[in-house]
Amino acid sequence: MKFVHHPDAALHHPAIYFNKGQLRALPEKPERVGALAALIEARGETLIRPDDNGSAPRAAVHSPAYLAFLETAHARWIAEPGMGDVVIPNVHRMQRVPSYPTSIVGQAGWHSFDTACPIDAHTWTATCAAANAAVHATKLVATGDDRAAYALCRPPGHHATRDMAGGFCYLNHVAIAAESALPILRAQGLAGRVAILDVDVHHGNGTQDIFYERDDVFFVSVHGDPAEFYPHMAGYAQERGAGRGEGYTLNLPLPIGSDEATVLATIGRALDDIARFAPDMLFISLGFDTFINDPLAAFGVTTPGFKKMGARIAAAGLPTVLVQEGGYAVDDLAANLASFLDGFEGVTA
Ligand SMILES: [Zn+2]
């Protein structure tokens, strides 16, 4: 198994975001990757530094206007008088047929679906570094260099849509990775079909939205019921895809408070459906915020439970790319990844 990470992923560090009527400290902080990187090296593994894959993989998923916005937003924002240190929108899209704004304040609202994506001077660098890690990990697996790879990404990515940031996510790294795999697989004479299994406690609304009308990317998400949990407006069981993609989106929402056995059984069910789809490759949106002591406190997965989760995912027998998403119990992140990897790699010690 290979491990891919670029240290620039730690550079993004906005102090605040706006949530439930309050300015709060951002729980998605650089210490998250520090803990995970240290764990991987302590296991004797090498953290491969990804190639710079250029703009093409990002442009295959995100709109040109959104990419230009993300790259320039912070510099444009602070150049105006009376602005705060980070980009946080104070207006959102309105009107049935809205007009694309030219101002940075307008564009910040156009390209954000919540106020949880502050942009600082390093956000673009960090999310590009994470996207490069995901694409590099994908290349290693798709070309047969290894059966599995883990991309240590930060910030997370699965909430970001084609042209909107949200939920701490800017570029959708797992979507960029999955899209980048398809031409490599087709060049080998394979069908070029991949599955994405999202086991973060939150619905991967951005990934779903990006592939909603596609039949070559099967998206399956196990997450807290959006009737009572973020992202509230997506992730319901009746969302099954559209057009050619009808039946290629599967949402398995679970009640808040679901215990470990329920979560693991549902992931098992998801993997059974993925086996029927018979993808060439499997991508995992790997969030550890299902952890019982995560500050979000939604699901009851224990540290030993992540070992079972890793073993069950490995048992699918597919070439697999693990892409790091959420998980906010910083002191427990390393132990939870270690447990997952023990299960995934079949280590019994
Ligand atoms: Zn999450």
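Which protein residues are the donors of the zinc ion? In this model, which is a predicted one, the donors are Asp200 through OD, His202 through ND1 and Asp289 through OD, and they lie 2.0 to 2.1 Å from the zinc ion.

If you follow the sequence, you will find these donor residues spaced as D-x1-H-x86-D. The pair Asp200 and Asp289 links distant parts of the chain, 89 residues apart: Asp200 sits in the loop between strand S6 (194-198) and helix H7 (205-210), while Asp289 sits in the loop between strand S9 (281-286) and helix H9 (303-314). Asp200 has a relative accessible area of 1%, so this residue counts as buried, and Asp289, with a relative accessible area of 0%, is buried as well.

Let me turn now to Ser180, which belongs to helix H6, residues 173-187. Its relative accessibility is 16%, and because buried means under 20%, Ser180 is counted as buried. The side chain of Ser180 reaches the backbone oxygen of Ala177 at 2.7 Å, and, once its neighbours within four places in sequence are left aside, Ser180 is in contact with Val135 and Thr138.

Not counting residues up to four places away in sequence, Gly192 touches Leu182, Leu185, Arg186, Asp216 and Asp280. Arg76, on the other hand, is 116 residues from Gly192 along the chain, and the C-alpha atoms of these two residues are separated by 40 Å.

Terms used:
Residues numbered from 1 in each chain as written. Predicted model: local features only at pLDDT ≥ 70, side-chain atom pairs only at ≥ 80, totals over all residues. Heavy atoms only, no water. Donors = N, O, S within 2.8 Å, 3.2 Å for Na, K, Ca; no water. Helix = DSSP H or I, 4+ residues; strand = E, 2+ residues; numbered from the N terminus. Buried < 20%, exposed > 50% of the residue type's maximum accessible area, 1.4 Å probe, protein only. Polar contact = N/O pair within 3.5 Å; in protein donor to acceptor, adjacent residues only side chain to side chain. Contact = heavy atoms within 4.5 Å.
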